[in-house]
Amino acid sequence: MLTSTPPSWPASALDQALARSRCQHRAALGLYLPVGYPTHSGSLEALHAMAPHCDVLELGVPHRRAHLDGPTIQHAAAQALDNGYRMRDLFTTTADLASSTTAALVVMTYWAPVEEYGPGLFAETFSAAGGAGVLVPDLPDSAAADWHRATRAAGLHSIPLIPAHASDAKLTAIGTSSSGMTYAPAAPGRTGTAGPLSPYLPRLVRRLRDATRLPVAVGIGISTPARAAQASAYADAVVVGSAVIRHMQAATGDPAAAAAAAARDFAAGIRRAHRPAA
């Protein structure tokens, strides 16, 4: 039984988090972790440890066919599943965090687990637990209309992953069906890449803002605090995932402390970034 009491419009938590960072003249920091990694209790401890240092917690739904993710997140998701992750763990984790942090809670999930659970029930249950938004990077076109209706009815933002080479017409269409923010890849390839950020990223962020009128988050390839600082000079939010997991893997004795240390380092990188006047 979920016991948290979310706001009447849960999506507002994400709006508020982005507004707070904007007032502080910095990008928002989002941190990603698969629920259940490295264990159920370990992931909850790590998420609580990261929460004071970020604006958005992105909760990953473990999935064995995570084709957009690199090996770091794939291995973490597989470990969570091997340890017995169930969908109810997402909702109880969300409720626990919602009762103790002001960070907005967003879930990143592939479509297959949502479809299996039931899209309407998934949206309603995540919202009731205190969730603010959902990112489904492989949302099928055939399911998009029904999914957007379900998220709107539940009071959730539906956050799109933007194709790097989308046309202006495609971006405008995305903006009409989405809300909260958009999510753009900062580097080509799958999550966990350590290469340079795309030289086209600043232009993509500008195009997204113009076409959708939504804040723009960037992720994929934010491998160091310096990369976070570079991206946050023009993006509204920066999301880090694989780099945090790598810190946790390297500190097997206390992965939650390692996650907190990584969160502090990335938060400091964002604070140091130069942001041009609006």
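Is Ile159 buried or exposed? I looked this up in a predicted model. Ile159 is buried, with a relative accessible area of 3%. The cut-off for buried is under 20%, so Ile159 falls within it.

**Ile159 and its surroundings**

I placed Ile159 in strand S5, which covers residues 157-159. Next I listed its contacts, leaving out residues up to four places away in sequence. I then checked Ser177 against Ile159. The two are 18 residues apart in sequence, and their C-alpha atoms lie 9.3 Å apart in space.

**Helices H8 and H9**

I turned to helix H8 (residues 168-177) and helix H9 (residues 201-212). They pack at an angle of about 55°, and their axes are 8 Å apart. That angle makes H8 oblique to H9. The crossing of H8 past H9 is right-handed. From H8, I noted Asp168, Leu171, Thr172 and Gly175 at the contact. They meet Arg207, Leu208, Ala211 and Thr212 of H9. By type, the contact residues split into three nonpolar, three polar and two charged.

**The nonpolar core**

I looked up the largest nonpolar core and found 89 residues in it. Leu57, Leu90 and Val218 have the most contacts inside this core. Helix H12 (residues 255-272) gives the most to the core, with seven residues. I followed up Leu90, again setting aside residues up to four places away in sequence.

Technical notes:
Residues numbered from 1 in each chain as written. Predicted model: local features only at pLDDT ≥ 70, side-chain atom pairs only at ≥ 80, totals over all residues. Heavy atoms only, no water. Axes fitted to C-alpha atoms, helices over the stretch in contact; angles between N-to-C directions. Helix = DSSP H or I, 4+ residues; strand = E, 2+ residues; numbered from the N terminus. Parallel < 35°, antiparallel > 145°, perpendicular 65-115°, else oblique. Left-handed = near helix turned anticlockwise from the far one by under 90°. Contact = heavy atoms within 4.5 Å. Nonpolar A, V, L, I, M, F, W, Y, C, P; charged D, E, K, R; others polar. Core = buried A, V, L, I, M, F, W, Y, C linked by side-chain atoms within 4.5 Å. Buried < 20%, exposed > 50% of the residue type's maximum accessible area, 1.4 Å probe, protein only.
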